[in-house]
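Good morning, and thank you for coming. Please look at the sequence and the structure on the screen while I take you through them.

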Amino acid sequence: MADHVYKTIELTGSSTTGSDDAIRTAIARAAQTLRNIDWFQVVETRGHIVDGAIAHWQVTLKVGFRMDDPG
């Protein structure tokens, strides 16, 4: 088994439904252009309030993807 090297990026997903949906939105979008996504870490959760109610959830994630082997 080879040792792996990971690159991390930071993304912010948003959703009107909830924080889980915001996470899924960010990961689904990243998966369209990145290969080998292996993990995520929630860094921050925040929201946008309109008229006393939550209008949008915003979740910032660190996403790790495995670098391709050079050989």
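Thr33 sits in the loop between α1 and β2. With a relative accessibility of 59%, Thr33 counts as exposed. For these labels, buried means under 20% relative accessible area, exposed means over 50%, and partly exposed lies in between, with a 1.4 Å probe and protein chains only. Between Thr33 and Gly64 there are 31 residues of separation in sequence and 13 Å in space, C-alpha to C-alpha.

Two notes on the source are needed at this point. This is a predicted model, in which local features need pLDDT of at least 70 and side-chain atom pairs count only at pLDDT 80 or more, while totals for chains, interfaces and linings use all residues. Residues are numbered from 1 along each chain as its sequence is written, and side-chain values use heavy atoms, with hydrogens and water left out.

The loop between α1 and β2 (37-50) also holds Asn36. Asn36 is partly exposed, at 24% relative accessibility. Its phi is near 60°, a positive value in a residue other than glycine.

Let us turn to the overall arrangement. Along the principal axes, the C-alpha atoms fill a box of roughly 55 × 20 × 15 Å. Of the 71 residues, 18% count as buried.

In what order do the three strands stand in the sheet? The order is β1-β3-β2, in an open sheet with antiparallel pairing. Because β1 (6-15) and β2 are at the edges, each with a single partner strand, one side of each is left without a neighbour in the sheet. From one strand to the next, the twist averages 15°. Two strands are said to pair if DSSP finds at least two bridges between them.

Between β2 and β3 there are 12 bridges. Within this pairing, Ile49 stands opposite Ile54 in β3, and Ile37 has Phe65 in β3 as its bridge partner. The two strands form a hairpin with two residues between them. Asp51, in the turn, has a positive phi of about 50°. Is Asp51 buried or exposed? Asp51 is exposed, with a relative accessible area of 82%.

On the β1 side, 10 bridges join β1 to β3, and these strands run antiparallel. Here Ile9 stands opposite Val63 in β3.

Next comes the core. Which residues make up the largest nonpolar core? Its six residues are Ala22, Ile23, Ala26, Val59, Leu61 and Val63. A nonpolar core is a set of buried Ala, Val, Leu, Ile, Met, Phe, Trp, Tyr and Cys residues joined through side-chain atoms within 4.5 Å. The elements that give two or more residues to this core are α1 (19-31) and β3 (53-66). Touching, or contact, means heavy atoms within 4.5 Å.

I close with two threonines. Thr60 lies in strand β3 and is buried, with a relative accessible area of 4%. Its side chain makes a polar contact with the side chain of Arg46, at 3.2 Å. A polar contact is a pair of N or O atoms within 3.5 Å; within protein, one must be able to donate a hydrogen and the other to accept it, and residues adjacent in sequence count only if both atoms are side-chain atoms.

Thr45, in strand β2, is partly exposed, with a relative accessible area of 46%. Beyond four places in sequence, Thr45 touches Ser19, Trp57, Gln58 and Val59. Thr45 and Lys62 are 17 residues apart in sequence and 12 Å apart in space, C-alpha to C-alpha.

How values were computed. Helices (H or I, at least four residues) and strands (E, at least two) are DSSP runs, numbered from the N terminus. Axes are lines fitted to C-alpha atoms, for helices over the stretch in contact, and angles run from 0 to 180 degrees between N-to-C directions.
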